[in-house]
Amino acid sequence: MKFHVLTLFPEIPRAFFESSIMAKAVDRGIIAYNLVNIRDFAYDRHKTCDDKPYGGVLGSKVPGMLMLPDPLSLALESVGAVPREIGGQEARPRGGKPQRVIYVTPSGKPLTQALAQDLAREEELVFVCGRYEGIDQRVIDLYVDDEVSIGDYVMSSGELAATVIIDTVYRLIEGVISRESLEEESFSDGLLEYPQYTRPEIFRGLRVPEVLLSGHHELIRRWRLRKRIEKTLAVRPDLIEKARASGSLSKETEKTLKEIENGNGSDPHHRGRPEEG
Ligand code: ADE
């Protein structure tokens, strides 16, 4: 998988590509990346990349600036993006390579685990990071396949958002991290993760739940499932509703969920209370 990031500030995503698990995946040749400085494609003396929007900005005397379409489109074409034939029959040809162009913007569709899994099937992803008030709509119309938002809030630029998306995608690529870690984690089956503990057994008076010390694998598995359901019910009941509606909850999850909802969800194995005496 190759990530291209088109940006005015390549040092922001570079730090991520050069660190930790990502750096190892790059070293091992599983992941490749290409940071493109859009300013390299500005042709005037001052390397201008922005200008005032037509129509001004309502309610403001100082218009927010917009990224110029020319340097951005040249940067896109430098990584192999081809403009769509507007009004033509054909979708944008991809030159035989599965490549998807993503513009990160708060007005995009939300990033979800399902979208990350979908993006992980591509051979190349091209990220366009906006600064200022955004980019010219014609660049979106001509080159962009997906507009993606990482949440309902506005950041000052797209670099961090693109990096968040890259992080959710690259770890799904075969060989980056183990299959088992991916299967048990939050969202993989509509439930959040169970709580985890490591040494010491008593920390500041709080004990590790007894069941985890029992060595009884079946009891531990059931306890973890119950904890996942309790947590999801408490902080993301919408996820339970969604999973229920799509029929994706297992019989055991449904049964445990009903027990918890009927109030007999007391957990005989949780001894996370402070140590007495
Ligand atoms: N750029 C600024 N804010 C953003 C967000 N929430 N998601 C994606 N890109 C952004």
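Predicted model: local features only at pLDDT ≥ 70, side-chain atom pairs only at ≥ 80, totals over all residues.
Figure 1. A backbone N or O atom of Met155 lies 2.9 Å from a nitrogen atom of the ligand. For Ile150, the distance between a polar backbone atom and a nitrogen atom of the ligand is 3.0 Å. For Gly151, a polar backbone atom is found 3.2 Å from a nitrogen atom of the ligand. On its own the ligand has 260 Å² of accessible area, of which the protein covers 96%.

Figure 2. Two elements give two or more residues each to the shell around the ligand, namely strand E5 (99-110) and strand E7 (146-149). Strand E5 gives the most, with three residues. The residues that surround the ligand include Val104, Thr105 and Pro106.

**Figure 3. The tilted aromatic pair of Phe3 and Phe17.** Five aromatic pairs are found in a search of the whole structure. In the pair formed by Phe3 and Phe17, the rings are 6.2 Å apart from centre to centre, with 45 degrees between the planes, and the arrangement is tilted. Phe3 belongs to strand E1 (residues 2-7) and Phe17 to helix H1 (residues 11-17); the pair thus links distant parts of the chain, with the two residues 14 residues apart. Phe3 and Phe17 are both buried.

**Figure 4. The stacked aromatic pair of Phe17 and Tyr33.** The ring planes of Phe17 and Tyr33 meet at 5 degrees and the ring centres are 4.3 Å apart; the pair is therefore stacked, since planes under 30 degrees apart count as stacked. This pair also links distant parts of the chain, as Phe17 is in helix H1 and Tyr33 is in strand E2 (residues 32-37), 16 residues apart. Phe17 has a relative accessibility of 2% and so counts as buried, the cut-off being under 20%. Tyr33, at 27% relative accessibility, counts as partly exposed.

**Figure 5. The aromatic cluster that contains Phe3, Phe17 and Tyr33.** One aromatic cluster is formed by Phe3, Phe16, Phe17, Tyr33, Phe127 and Tyr170. Its members include Phe17, which takes part in the tilted pair with Phe3 and in the stacked pair with Tyr33.

Methods:
Residues numbered from 1 in each chain as written. Heavy atoms only, no water. Phe/Tyr/Trp six-rings, centres within 6.5 Å; stacked < 30°, edge-to-face > 60°. Helix = DSSP H or I, 4+ residues; strand = E, 2+ residues; numbered from the N terminus. Buried < 20%, exposed > 50% of the residue type's maximum accessible area, 1.4 Å probe, protein only. Near = heavy atom within 4 Å. Polar contact = N/O pair within 3.5 Å; in protein donor to acceptor, adjacent residues only side chain to side chain. Areas by Shrake-Rupley, 256 points an atom, 1.4 Å probe, with all protein chains shown as cover.
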